[in-house]
Amino acid sequence: MKAIVFTDPTLPLTDIHSLYATKLAKPQPQPRDLLVKIAAIAVNPVDSKIRQREKPNVPRILGWDACGVVESVGSQVRLFKPGDWVYYAGSIDRPGCYAEYGLVDERIVGHKPKSLTAVQAAALPLTSITAWELLFDRLAVAENGAAGRSILIVGAAGGVGSMLIQLARQLTKLRVLATASRPETQQWVSQLGAHAVINHKKPFSQQLAALGIQHVDYVASLTHSDDYYQQVLEILIPQGKLALIDDPKNLDIMPMKRKALSLHWEFMFTRPVFQTKDMIKQHQLLQRVAGLIDQGILKTTISEEMGKISAENLRLAHQRIESGKVWGKLVLAGF
């Protein structure tokens with residue numbers, strides 16, 4: 001099968017060998033696996049981070065957002081059958097989806113939303129799982145609950161933020177506050193449902209005060225958490241909750257003690273990597289998201305389709321991701 005791989009983390013994206021095309025053997029499903037013929041993929045910051053940090057022993061396939069058709073199934077599969085259209089993020093400890101075929105455990109897969117194309121659906125899995133787990137599992141916000149409370153989403157125009165805004169606005173009673181610094185990203189997060197938008201390049205407390213807000217109950221810090229940490233501690237209400245998904249170099253938790261604040265990490269690969277007993281929850285939430293999409297309650301977060309799945313286009317996509325100026329999701333389709 002065709003695949004786009006990397007082997008050397010030191011190569012710049014201007015080097016054609018930083019991500020390159022090759023031929024690999026078509027994988028064979030294990031008992032709980034689906035073999036999926038991949039139609040479309042999305043690119044995420046985790047793809048770039050792994051490409052820059054890891055030195056694989058063999059060519060590694062990146063990519064953890066895909067939509068495609070089930071070609072065959074393992075002997076213990078019960079949730080899907082050949083011919084089903086599915087969407088999934090997969091597991092970071094297995095080969096990714098920059099390839100014609102991929103293997104994925106059925107317990108972390110959902111049926112593709114019927115109302116979306118493969119391209120539109122490929123934008124959703126990783127960020128939907130991350131946003132859902134962050135809001136409902138880590139922060140423990142109840143569906144249709146949290147009346148009178150507020151959440152500030154820092155870096156809200158990215159893929160996770162774009163889903164988190166929608167989930168918080170549509171499935172809870174939270175007041176949803178978002179940060180975005182450019183007119184186009186401010187418009188994007190407003191259209192997704194943010195009640196108010198502030199600029200993360202300006203002091204948080206002053207902008208919130210102008211909205212009549214002294215403290216927020218929850219903060220979802222999705223990017224540059226170490227840069228905004230002190231401001232976040234200032235605006236969080238006593239006994240408030242902070243959730244993180246990024247990789248701050250240093251985070252001193254002692255200043256959280258005085259307010260009895262709590263810190264929650266969200267990493268959507270934890271369940272599949274550790275094969276947790278509740279791993280099936282990722283299948284269930286993807287099924288739920290598909291239903292909400294088909295009901296018109298949620299919508300895809302694709303911002304740009306970047307053409308065919310090729311080494312050249314993936315190098316361009318990685319460059320875009322690393323620029324820090326992408327909003328929504330970048331998607332590629334077909335080989």
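Me: Which strand gives the most to the lining of the largest cavity?

Reply: Rolling a probe the size of a water molecule over the atoms shows where empty space is left. In this predicted model, strand S7 (residues 101–105) contributes the most to the lining of the largest cavity, with three residues.

Me: How many residues line the largest cavity, and which lie nearest its centre?

Reply: The lining has 13 residues, and those nearest the centre are Tyr88, Gly90, Pro95, Gly96 and Leu103. By class, seven lining residues are nonpolar, five are polar and one is charged. The space in the largest cavity comes to about 70 Å³. A search of the whole structure finds one cavity of 30 Å³ or more.

Me: What should helix H4 span, at 1.5 Å a residue?

Reply: An α-helix has 3.6 residues a turn, so residues three or four places apart point the same way. Helix H4 (residues 159–171) has 13 residues and should therefore span 18 Å; its end C-alpha atoms are 18 Å apart, which agrees.

Me: Is H4 mostly covered or exposed?

Reply: H4 is mostly covered, with 11 of its 13 residues buried. Among them are Val160, Met163, Leu164, Ile165, Leu167 and Leu171.

Me: What about glutamine 275?

Reply: Glutamine 275, also not a glycine, has a positive phi near 50°. Glutamine 275 lies in the loop between helix H8 (270–274) and helix H9 (280–294). At 45% relative accessibility, glutamine 275 counts as partly exposed.

Conventions
Residues are numbered from 1 along each chain as its sequence is written. This is a predicted model: local features need pLDDT of at least 70, side-chain atom pairs count only at pLDDT 80 or more; totals for chains, interfaces and linings use all residues. Side-chain values use heavy atoms; hydrogens and water are left out. On a 1 Å grid over the protein atoms alone, a cavity is a set of points where a 1.4 Å probe fits but cannot get out, and a pocket is an open set with protein on both sides within 12 Å along at least five of seven lines; lining residues have an atom within 4 Å of a point. Grid points are joined across faces, edges and corners, and a volume is the space filled by probe spheres set on the points. Helices (H or I, at least four residues) and strands (E, at least two) are DSSP runs, numbered from the N terminus. Ala, Val, Leu, Ile, Met, Phe, Trp, Tyr, Cys and Pro count as nonpolar, Asp, Glu, Lys and Arg as charged, and the others, Gly among them, as polar. The expected span of a helix is 1.5 Å times one less than its number of residues. Buried means under 20% relative accessible area, exposed over 50%, partly exposed in between (1.4 Å probe, protein chains only).
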